[in-house]
2 protein chains.
Amino acid sequence: MLNSSLDKTFAALADPNRRAMVERLVQGPATVSELARPLPMSLPAAMLHLRVLEECGLVTSQKSGRVRTCRIDPARLSLAEQWVSERRKIWEARLDRLGAFLNAPEEERK
Amino acid sequence: MLNSSLDKTFAALADPNRRAMVERLVQGPATVSELARPLPMSLPAAMLHLRVLEECGLVTSQKSGRVRTCRIDPARLSLAEQWVSERRKIWEARLDRLGAFLNAPEEERK
DNA sequence: CGAACAGTTAAGTAATCACTTGACTGTTAG
DNA sequence: CTAACAGTCAAGTGATTACTTAACTGTTCG
C-alpha cells in the first residue's frame, strides 16, 4: 500500500511536464486548462498527466460547473521527501560511526 | 541537464526493487550479487536496475578483480530531496501569507 | 591446468506509456 | 435558444520498459 503509493509518487515526479504542473500548483490552485496551456501537448494528453498526479495523491481536484479546480496536497509531497531524507540520514549516521572508528585509538578498534 | 537528471533520479526511485537496492546500499557498499540476491528476478535483470541507479548518479561502482562493488552517492539523494522540499516550502509560505491576510483587520485587506 | 564463480552481453518478447485526432457532454453567456 | 467553452472519452500508434534464457568473458583457487 504505502509502497505502491511511493512508486506512484516518484513516478509522477519523474516527468518534467508533471513537475511543471506541480510548480504551477504550489503557487495556488489552477484549472485544467491553466495547467495544460504551457505544456507542449494536447489537452487530453495533459489530462492524463493530471490523472497520474491525482492517482498518487499529489493533487486533488473538484469540479464546479464546467470548471475543474486543482490543488496540491503538501502531505504527499513530504511523503516522498521523507523517504529520501530518512535513507540519507542512515547513510550519514553510518559515515559518522565509521569516522569515529577510524579516529579511535588502536586498542579500541578490535 | 539538471532537469533530465531529476527525471532520471525520480524514475529510478519509482521502482520498489531499485529502492530496495538503495535501502541495502545505505547500510554500506555491496557487490552486484549481494544486491541482486534478495530481488525476485534474474541477475541480468537486476543489473539493468543497477544501471538505472548508476545513470542517474545515485550509485557508483568500481570493479576490482571479478567483483564489482557498489555504493550510493548521498549528494544525489539530497538533490531529489531538495526539489520536493523547496516546492513544499513555497506552498507553505503561500498558506502563511493567506492566513495573515485572513487574520488582518478588514481595512488592511484592500 | 581446469572448475567454480562474478559479472556481462545479446536476442527476443509481452506489457505499459505517451501521445495523437476526433467526437461528445454538460455549462455558461449573449 | 444557441454558440462558445471547459472538460472528457475512445480508438489507434509508435516508443520505451522490464523482463527472460542462453551464451560468453575474465578471475580466483584447489
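Predicted model: local features only at pLDDT ≥ 70, side-chain atom pairs only at ≥ 80, totals over all residues.
**Entry 1. Surface near DNA strand C**

I looked up the surface near DNA strand C first, and its residues divide into nine nonpolar, five polar and five charged. I counted Ala, Val, Leu, Ile, Met, Phe, Trp, Tyr, Cys and Pro as nonpolar, Asp, Glu, Lys and Arg as charged, and the others, Gly among them, as polar.

Residues are numbered from 1 along each chain as its sequence is written, and chains are lettered from A and ligands numbered from 1 in the order in which they are written.

**Entry 2. Elements of chain A**

I recorded six helices and three strands in chain A, in the order α-α-β-α-α-β-β-α-α from the N terminus. Helices (H or I, at least four residues) and strands (E, at least two) are DSSP runs, numbered from the N terminus.

Of the 110 residues of chain A, 28% count as buried, that is, with 20 or more other C-beta atoms within 10 Å of their own.

**Entry 3. The sheet**

I traced an open, antiparallel sheet of three strands in chain A, with the order β1-β3-β2. Two strands pair if DSSP finds at least two bridges between them. The edge strands, each pairing on one side only, are β1 (30-31) and β2 (59-64) of chain A. Two bridges join β1(A) to β3(A), residues 67-72, and Thr31(A) stands opposite Thr69(A) in β3(A).

I then checked the helices across the sheet. α2(A) lies across β1, β2 and β3 of chain A, at about 90° to β3(A). α4(A) lies across β2 and β3 of chain A, at about 115° to β2(A). Axes are lines fitted to C-alpha atoms, for helices over the stretch in contact, and angles run from 0 to 180 degrees between N-to-C directions.

**Entry 4. Contact of chains A and B**

I found 26 residues from chain A and 26 residues from chain B in the contact, where two residues are in contact if their C-beta atoms, placed from the backbone, lie within 7 Å. On the side of chain A, α1 (2-13), α2 (16-25) and α5 (74-103) each give two or more residues. The largest share, 13 residues, comes from α5(A).

How values were computed
Buried ≥ 20, exposed ≤ 12 C-beta atoms within 10 Å, placed from the backbone.
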